[in-house]
Amino acid sequence: MDDKFCINPVWPCAMTGACSILAGFSGLCVIIHGSSGCYYYPRSLLKVPLFSTYLLESEIVFGTVNRLKEVVTEVSKTNKPIAILNTCIPALTGEDLAGAFPDGAAIFVDAPGFAGNVEEGVKIAYESLAIETNEMRDGVNIDGVSLLDLFWRGNLHEAERLLSTMGIPVVVRFAKDTYENLRKGAALHTISVNPSYTSGIGSMLGSFLFPDLKETIENLAITFPDADMDPVLDEWERADELMFYYSDKYLRKYEPPIVAVCSQESYAIFAQKIMERYFGSDVPVVLARNRNAKTIPCVTNLQEITGKIAACKPDLILGSTFEANAYPNAAFLGITPPDRSRVSISARPITGIEGGISFIEGVLNSLMDMTGRRERRP
Amino acid sequence: MAGCTLTGALSVACFIPGAVTVVHAPHGCAHQTFSMLHAMMNDAETKITPEIMVSGLSDKDVIFGGEGCLRQALDRAAEKKPDLIIVVTSCVPETIGDDCRAVCQEHAYAKQILYIPTSGFLGGSAKDGENSALIGLAGLAEPAEPIPGTVAIIGEKNLESEVEENYAEVTRLLHLLDLTVTVRFCRNADVATLKKLGTASCFILRDDRSSDAGRELGKKFNRRVIREFPRGLSGAITFLRETGTACGISREKIDAAVSSENAWQEKKLAGFSKLRGKSVFLGAEPLEGIFAVAREAIERIGMTESPDGVEVKPPFYLPVGVSGTMKMLYLWRRRILHG
C-alpha cells in the first residue's frame, strides 16, 4: 500500500492518456463519459474539441446509459465515427455501457483514471481502436506522436522530412492523422519518434531519436532496399560534428555539467546519452514518468523526485517545471510536460537530426543563462 | 467548462501556509489540480507550489475499499506536524462507500483534521467545492468583537491569473477609506490568521461564486457582507459607498474618497482620448454583466457602439475596478488604432 501514497503526483491518469490518442485522429468524435471535472482537464491540456456527457449525481444513482445515448445521438448527427471514453465512476457502477451500443455505433474505450497513468490509457486506447495492418500500403508508420508531448508537432515534421529525404512514404501517424486514413490500415513497418508512447502496430524498426537514428536507418535500408539513406547519414555526421563543436567550446570554459533527468523513459535515456556523449556529464539522477519503464526507475511523486535531485546538486535539470521550480539553483531545459518556463508555440523537435541539434542548443543556452545569472548576483 | 468540487476545494485549501491537504482519490485526480495550480502560480511568477498529499486509490482499492489508504495518508501527513490537515475527497471514495469522516475522527491527529466532504462531481461543481471549503474552514474561527477599520476578503479566486492585480485594486480603494485587510480568507493566510476572521468589521466577497459561503459567514459572525469586488468604473464608486457604510465610516470621509476616486478615473481615462468619436462593435456577451462595464467605458471615453464599428473583444471576466477596465481598454486601443 505504501507506494501508492504520493505528494504532488506529476503524471496524468489513464483516461487522459487514452484521450490524447483518440483525440489525435481527426474525424473521430471523442465523448468523455464522465463529469465536467474529468472533461475539463484533457480539454484544457490537449486543446482539441471534445464532447462530454457531463454526468451529474442523479445520473449516477439512476444509471448513465440514457444520458450517454442522448449525447451519442446528438453527436452522431455529425455523421462522424464516435469513441466513448469511460471515466472512474461509470466504470465503478457496473453498467453495461459497451453493450448499450451493439450496432457498432461507437467505439467503447474503458480507461478510467484509477486504471493507471497515461501509458496504461494509451495502451487501452490503441487496443480499443482494433487497428489492422494493410500489406498493400507501402511505407512506414510514424509512432510515438502524442498530443501530450511537448515536441509532438516538431517530431512529426522532422520524421516526415527525414523519411521524405530517404524516399520512404509515410502511411499512418500514431496518433496524429485522420481517422479515415487509420481505417485504411497501417503499414507493416513502423518507426518511432518517442518509444514511450507505443501503438504496438507494425514491426518496429527503431527510434528516430538522434543516438538511435543510424541503427534505425540500417533497419530501414534492409526493409526498403530502394530507399536512399546516404543524404540522411551525411546529415547525421555533420550534425554530430556541429554538436561536438559547440559542446567543446563550452567545455573549454566550464566543467561538465552534473545533470538530473526526469521524463518518460525514452527521452530520459536520450538526454542521458547526449549529455554523456557531448559533455562527458555525470548524470546521477535519471527517472522515468512511465511505470512501464524497463531500464530506469519510475517515480511520479514530486517530493521524492526533488529529494533525489537536491541530493546530487545538479547544474542542469532536464525535465518539467515541476522539478525546475522545486530546485531553482540549476539551469533548466523542459523535455517533459509541463514546461511553464517559456512561451513555446513553434514546432520544436527533440527527435531526428534537428531534434538532436535543438536539444544541444537548448542545453547550452540554459547553462549559459544560469552562468550569467550567477555572475550577476551581488 | 469547470472542474469538480475537488478542484474547487483544493483551490482554497492549498493556500494555507502551515496546513497540509490530503486528497483521498486516485493519483490522476490530484494531478489535475496540482497541474493547474502549477500553471497558475507560474503565470503569477510564484514558483512555490502547494503540497498535495494523495492517498492514491488504485484499481484494487476500488474493489476492496480505500479507507486503509486514507488512514496511511493521514499518518504521513501527521508526521509533518502541521497546524491543520485538510481532507478532501474525489468521487471515487464516495462511490465505493469509504467512511472518510470516521477515518478522520478516529485518527490520532483528529483534533487538527478538518474533513471537507467534497466527493468530486457527486458533490457538485468547483464552485460548490470552493464554498464547502470556505464554510468548513470558517469553523476554525470563533465569533469575536469587530476591530474598527478592518475588513476580511473572502473567496478570492486563487486560480485566477490576475488574482494579485485584482487584490491590489481593491486595497487601493480600501486605502481611500483608511480600511485595512486583516484576513484574506483563504489566500496565503496561516491557520492563526484564519482564526481571526471574526475580528474583521466587514466581509468582502470576491464575487457571487462564493455567495453561499458569504451568507453562512455573515450569519455566523453577524457581519455585513459586500457581495463582490467592484465591477468597472461606477462599480468602484458603489464599492466605496457600500463598504464605507458597512464599516461605519463617516459620510464626509466616504464623499472625500469618492471625490478622489472620480479624479483618479478621469486621469486614467485621459490616456484613451484618441479613441473619442470612434465606433465599436461588442459582439456577443461572454458573461452576464460584462456589457454593462464595457458600455460605461464606451460612454465615458466618448466612443459609440454600432454594428459597423470596429469589433472589439469584451473580456471573458468581469473587469475589477479601474485597473480591470484599463486592461480591457488597452486591448481595445490596440485593435482600434493598430488593426
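Q: How is chain A divided into domains?
A: In this predicted model, chain A has three parts by assignment: domain 1 covers 2-129, domain 2 covers 140-227 and domain 3 covers 233-376.

Q: How many residues of domain 1 of chain A are in contact with domain 2 of chain A?
A: On the domain 1 side, 16 residues take part, and they are in contact with 15 residues of domain 2 of chain A. The centres of these two domains, taken over C-alpha atoms, are separated by 27 Å.

Q: Which elements supply at least two residues of that side of domain 1 of chain A?
A: There are α1 (14-22), β2 (25-26), α2 (36-46) and α6 (118-129) of chain A. The largest share comes from α6(A), with 4 residues.

Q: And what sort of residues are they, nonpolar, polar or charged?
A: The side of domain 1 of chain A that touches domain 2 of chain A divides into 11 nonpolar, 4 polar and 1 charged.

Q: Turning to chain B, how is that one divided?
A: Chain B has domain 1 at 5-138, domain 2 at 150-267 and domain 3 at 271-338.

Q: How many Å apart are the C-alpha centres of domain 1 and domain 2 of chain B?
A: Those centres lie 29 Å apart. The contact between the two domains takes 20 residues from domain 1 of chain B and 23 residues from domain 2 of chain B.

Q: Which elements give two or more residues to the domain 1 side there?
A: For chain B they are α1 (5-13), α2 (27-43) and α7 (126-138). Of these, α7(B) provides the largest share of the side of domain 1 that touches domain 2, namely 7 residues. By type, the residues of that side divide into 13 nonpolar, 3 polar and 4 charged.

Q: Now the two chains together: how many residues does the contact take from chain B and from chain A?
A: It takes 43 residues from chain B and 34 residues from chain A.

Q: Which element of chain B gives the largest share of the side that touches chain A?
A: That is α2(B), with 11 residues. The elements giving two or more residues to this side are α1, α2, β2 (52-54), α4 (67-79) and α5 (91-96) of chain B. The residues on the chain B side divide into 21 nonpolar, 18 polar and 4 charged.

Q: Which strand of chain A do bridges join to β2(B)?
A: Strand β1 of chain A, residues 6-7, is joined to β2(B) by 2 bridges, and the two strands run antiparallel. Within this pairing, A:I7 stands opposite B:M53.

Q: A change of topic: are the residues of strand β7 of chain B buried or exposed?
A: Strand β7 (residues 202-205) of chain B is covered on both faces: B:C202 and B:I204 on one side are buried, and so are B:F203 and B:L205 on the other. In a regular strand, side chains alternate between the two faces of the sheet.

Q: Which strands pair with β7(B)?
A: Strand β5 (residues 150-154) of chain B is joined to β7(B) by 3 bridges and runs parallel to it. Strand β8 (residues 224-226) of chain B also pairs with β7(B) in the parallel sense, over 3 bridges.

Q: What is the bridge partner of B:I153 in β7(B)?
A: The partner is B:I204.

Q: Which helix makes a β-α-β unit with β7(B) and β8(B)?
A: Helix α10 (residues 211-221) of chain B does, and the unit is right-handed.

Key: Residues numbered from 1 in each chain as written. Chains lettered and ligands numbered in written order. Predicted model: local features only at pLDDT ≥ 70, side-chain atom pairs only at ≥ 80, totals over all residues. Domains from an automatic or database assignment. Contact = placed C-beta atoms within 7 Å. Nonpolar A, V, L, I, M, F, W, Y, C, P; charged D, E, K, R; others polar. Pairing = 2+ DSSP bridges. Buried ≥ 20, exposed ≤ 12 C-beta atoms within 10 Å, placed from the backbone. Right-handed = clockwise from strand over helix to strand, strands pointing away.
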